[in-house]
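Me: I should like to go through the reasoning behind the labels attached to this model. Please set each value against its criterion.

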Amino acid sequence: GEALPAALLEKHKNALATVKQLVSEQFIERLEKLEAMTVVQLEEDGQSLKVSVRVEWSSPALQIGDETSCVEKYRYDCTTRSVSRIEDLVPAFGGLQPPA
């Protein structure tokens with residue numbers, strides 16, 4: 001994929017730190033450890049940001065063949081500084097969009 005412009009990442013570094021904090025806490029709750037979080041997409045959307053991140057984690061309970069990475073999408077509200085997870089409305093493999 002394309003590397004994101006450093007200036008864009010720099011501009012939104014506080015938002016991204018907040019997202020990372022939230023993601024990290026979710027893993028701790030599941031007794032797993034966030035190993036890495038890479039921003040794959042960052043979109044300015046009015047007063048909010050849409051952030052797609054690839055997360056990689058480890059867990060003492062992992063079995064061979066278990067998933068250890070995935071891409072998740074979050075929305076960061078610049079006004080309230082809150083983070084919410086965006087459920088994938090568009091299927092990854094170009095399926096039909098669900099009715100709005």
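Me: Why is serine 48 called buried?

Reply: This is a predicted model, and in it serine 48 has a relative accessibility of 8%. Buried means under 20%, so serine 48 counts as buried. Its place is in strand S2, and it touches Glu43, Arg75, Tyr76, Asp77 and Cys78, not counting residues up to four places away in sequence.

Me: What makes the pair formed by the side chains of serine 48 and arginine 75 a polar contact?

Reply: The distance given for the two side chains is 2.9 Å. The cut-off for a pair of N or O atoms is within 3.5 Å, and the contact between serine 48 and arginine 75 is therefore listed as polar.

Me: Why does serine 52 count as buried?

Reply: The relative accessibility of serine 52 is 6%, and the limit is under 20%, so serine 52 counts as buried. Serine 52 is likewise found in strand S2. Among the residues it touches are Thr38, Val39, Val71 and Glu72.

Me: What makes S1 and S2 a pair of strands?

Reply: Pairing requires at least two bridges, and S1 and S2 are joined over 11 bridges in the antiparallel sense; by that definition they therefore pair. Within S2, valine 55 is the bridge partner of methionine 37.

Me: Which strands are called edge strands of the sheet, and on what grounds?

Reply: The open sheet has four strands in the order S1-S2-S3-S4, with antiparallel pairing. Strand S1 (33-45) and strand S4 (82-86) are its edge strands, as each pairs on one side only. On average, neighbouring strands of this sheet are turned by 30° against each other, direction ignored. Helix H2 (residues 13-29) packs on the sheet and touches S1, S2, S3 and S4.

Me: How do you know that the length of H2 agrees with its number of residues?

Reply: At 1.5 Å a residue, the 17 residues of H2 should span 24 Å. The end C-alpha atoms are 24 Å apart, so the two values agree.

Me: Why are the buried residues of H2 said to line one face?

Reply: The buried residues of H2 are Ala15, Leu16, Val19, Val23 and Phe27. Seen down the axis of H2, they fall within an arc of 110°, and so they line one face of the helix. An α-helix has 3.6 residues a turn, so residues three or four places apart point the same way. The face of H2 turned away from the buried side carries the exposed residues Asn14, Ile28 and Glu29.

Note on methods
Residues numbered from 1 in each chain as written. Predicted model: local features only at pLDDT ≥ 70, side-chain atom pairs only at ≥ 80, totals over all residues. Heavy atoms only, no water. Helix = DSSP H or I, 4+ residues; strand = E, 2+ residues; numbered from the N terminus. Axes fitted to C-alpha atoms, helices over the stretch in contact; angles between N-to-C directions. Contact = heavy atoms within 4.5 Å. Expected span 1.5 Å × (residues − 1). Buried < 20%, exposed > 50% of the residue type's maximum accessible area, 1.4 Å probe, protein only. Arc of directions from axis to C-beta. Polar contact = N/O pair within 3.5 Å; in protein donor to acceptor, adjacent residues only side chain to side chain.
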